[in-house]
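The following report describes selected features of a protein model. Please consult the sequence and the structure while reading.

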Amino acid sequence: MNLIEELRWRGMIQDIMPGTEDQLKKEMTSAYIGFDPTADSLHIGSLVPILLLVHLQKAGHKPYALVGGATGMVGDPSGKSEERNLLSEDILRKNQEGVKKQLMQYLDFDPSKPNSAEMVNNYDWFKDMSFLHFIRDVGKHITVNYMMAKDSVKKRIEGDTGMSFTEFTYQLVQGYDFYWLYQNKQCKLQMGGSDQWGNIVTGTELIRRKAGGEAFAFTCPLITKADGGKFGKTEKGNIWLDPEKTSPFQFYQFWLNASDEDAKKWIRIFTFLDQQTVDALNADHDSDPAARLLQKKLAAEITTFVHGAEALESALATTAKLFAQADAPAESLSIEDLEGMEGIVKKEIAADKLQAGIDIVSLLAETGIFPSKGEARKMVQGGGISVNRRKVEGVDFKADASLLLHGRYLLLQKGKKNYYLIAAV
RNA sequence: GGGCAAGUAGCCAAGUGGCCAACGGCAACAGACUGUAAAUCUGUCCUCUUCGGAGUUCGGUGGUUCGAAUCCAUCCUUGCCCA
């Protein structure tokens with residue numbers, strides 16, 4: 001299977017420009033994807049573009065990861081119904097660094113290889129460009145009519161929030177990136193999410209008109225969830241690639257909780273397993289859906305790719321303790337189990353308060369698990385709180401020192417999956 | 001600069017003098033069911049609360065009124081049209 005066939009099978013191609021496949025067959029091709037420095041870490045939404053670059057490199061082509069230092073300052077209107085807030089330069093610079101560091105992990109930057117990955121930042125070629133230069137050399141080649149026809153623009157013009165000149169210009173800025181890379185790095189291919197199609201095409205158009213060259217592009221579908229929810233969001237917010245922001249355990253759990261339908265799609269997109277393996281896995285899964293083989297494999301593969309084998313081990317261990325032995329009484333957990341659980345939130349309470357006995361509502365509020373007593377009370381009344389894995393039956397429940405595990409800890413749960421370890425100090 | 005519209009909770013959106021902490025939907029959280037799923041059902045969903053209530057809201061500010069999200073004035077923001 002060649003690269004395009006492979007990506008097609010994986011369901012990673014949405015739109016593709018004619019001739020792209022031939023170009024990739026013909027020679028080692030340089031290709032790029034842009035990453036937005038809107039946060040100091042990438043989240044799992046960026047995994048697909050990263051994987052595209054990885055596949056590309058595996059197929060022997062040369063990947064460029066572009067950090068959008070300049071485009072980040074403008075704001076991409078694609079998929080946005082409203083004008084974006086501009087980030088300050090300080091924050092952008094910090095974000096660029098964070099994003100850059102993460103990208104380094106996933107691609108092979110070994111300069112001795114002809115197809116080593118390279119990192120570029122469009123801030124480098126935009127920072128010294130004058131406005132006059134831009135409008136004469138770039139703007140002249142693209143008509144407003146052309147730009148207005150773009151979906152991202154049309155939607156905003158037809159909508160009722162309008163769009164600033166700055167965001168309108170975005171597609172030219174991004175288009176120029178492609179042109180610059182084409183001229184300076186012989187980059188002939190741009191990839192991206194399907195929401196980027198319009199911007200990408202502006203780039204190829206610019207290359208054609210300004211340099212008379214031919215450039216190619218394809219996009220991958222945006223990842224969706226079968227239930228229509230936003231991909232990559234949970235109650236705790238985004239799933240980040242930075243283990244400081246989203247622990248490997250939480251990361252693993254995110255994938256494990258995928259629905260069957262999603263898991264079938266995602267296993268092809270987010271893992272490198274070949275067709276045969278995936279087919280076999282699917283068959284096994286269907287014979288016993290409750291075992292969730294697909295989800296387990298998916299979660300294991302992607303956690304290893306992002307965080308490494310060791311992190312996966314520890315995520316698995318925590319999972320076993322939290323869920324596989326969920327019926328086991330809390331008393332059976334060792335101190336190491338309690339303290340070592342990843343994804344558990346640690347809180348403290350004064351030992352003498354506990355000695356005297358404290359009602360559950362105050363306990364929840366004082367340890368900061370809930371911001372107010374009112375909220376804590378509502379959750380207790382709704383049956384959403386457990387102490388030492390036993391459900392708290394009512395608001396008059398009192399906690400005291402006799403409940404302490406190993407004389408030190410209370411294991412508290414909000415719902416099924418949110419664990420808190422309260423240490424008496 | 002002129003004309004016209006709009007601004008209500010995280011989002012969408014109803015409400016046009018008292019019955020309004022404000023219909024409904026989405027999102028979110030919890031419970032039941034389950035496979036740590038989906039679907040479904042139930043509860044919560046401005047803040048605090050001794051669960052009796054209390055406090056602060058409907059772009060901002062001032063006013064009319066016993067009483068304002070609702071009426072008036074003014075300012076701000078956004079969109080459309082004209083210049």
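Accordingly, 6 of the 6 residues of E3 (residues 62–67) are buried. Buried denotes under 20% relative accessible area, exposed over 50%, and partly exposed in between, with a 1.4 Å probe and protein chains only. Helices (H or I, at least four residues) and strands (E, at least two) are DSSP runs, numbered from the N terminus.

E3 pairs with strand E2 (residues 30–35) in the parallel sense over 6 bridges, where pairing requires that DSSP finds at least two bridges between two strands. Phe-35 stands opposite Val-67 in E3. The chain crosses from E2 through H3 to E3 in a right-handed β-α-β crossover; that is, with the strands pointing away from the viewer, the path from the first strand over the helix to the second runs clockwise. E3 also pairs in the parallel sense with strand E4 (residues 118–121), over 4 bridges, and Leu-66 stands opposite Val-120 in E4.

## Basis of the model

The model is predicted: local features need pLDDT of at least 70, side-chain atom pairs count only at pLDDT 80 or more, and totals for chains, interfaces and linings use all residues. Residues are numbered from 1 along each chain as its sequence is written, chains are lettered from A and ligands numbered from 1 in the order in which they are written, and side-chain values use heavy atoms, leaving out hydrogens and water.

Val-48 lies in helix H3 (residues 47–58) and counts as buried because its relative accessibility is 4%. Leaving aside neighbours within four places in sequence, Val-48 is in contact (heavy atoms within 4.5 Å) with Met-12, Cys-220, Ile-223, Ile-269 and Phe-270. The C-alpha atoms of Val-48 and Leu-66, 18 residues apart along the chain, are separated by 15 Å.

The largest nonpolar core has 71 residues, and those with the most contacts inside it are Trp-255, Phe-270 and Leu-411. H3 gives the most to this core, with 8 residues. Apart from this core lies another, of 30 residues, among them Tyr-146, Cys-187, Val-201 and Ala-215. A nonpolar core is a set of buried Ala, Val, Leu, Ile, Met, Phe, Trp, Tyr and Cys residues joined through side-chain atoms within 4.5 Å.

Helix H12 (residues 248–256) is largely enclosed by the rest of the structure, because 8 of its 9 residues are buried. Among the buried residues of H12 are Phe-251, Phe-254 and Trp-255. Not counting residues up to four places away in sequence, the residues that Trp-255 touches include Ile-44, Trp-266, Phe-270 and Leu-298.

The axes of helix H13 (residues 260–270) and helix H15 (residues 293–307) come within 9 Å and cross at roughly 35°. Axes are lines fitted to C-alpha atoms, for helices over the stretch in contact, and angles run from 0 to 180 degrees between N-to-C directions. Asp-260, Ala-263, Lys-264, Trp-266, Ile-267 and Phe-270 in H13 meet Leu-294, Gln-295, Lys-297, Leu-298 and Ile-302 in H15.

## A mixed sheet

An open sheet of 5 strands has the order E9-E15-E14-E11-E12, with mixed pairing. Strand E9 (345–349) and strand E12 (390–391) stand at the edges with a single partner strand each, so one side of each is left without a neighbour in the sheet. Strand E11 (residues 385–387) and E12 pair in the antiparallel sense over 2 bridges, and the bridge partner of Val-387 in E12 is Arg-390.
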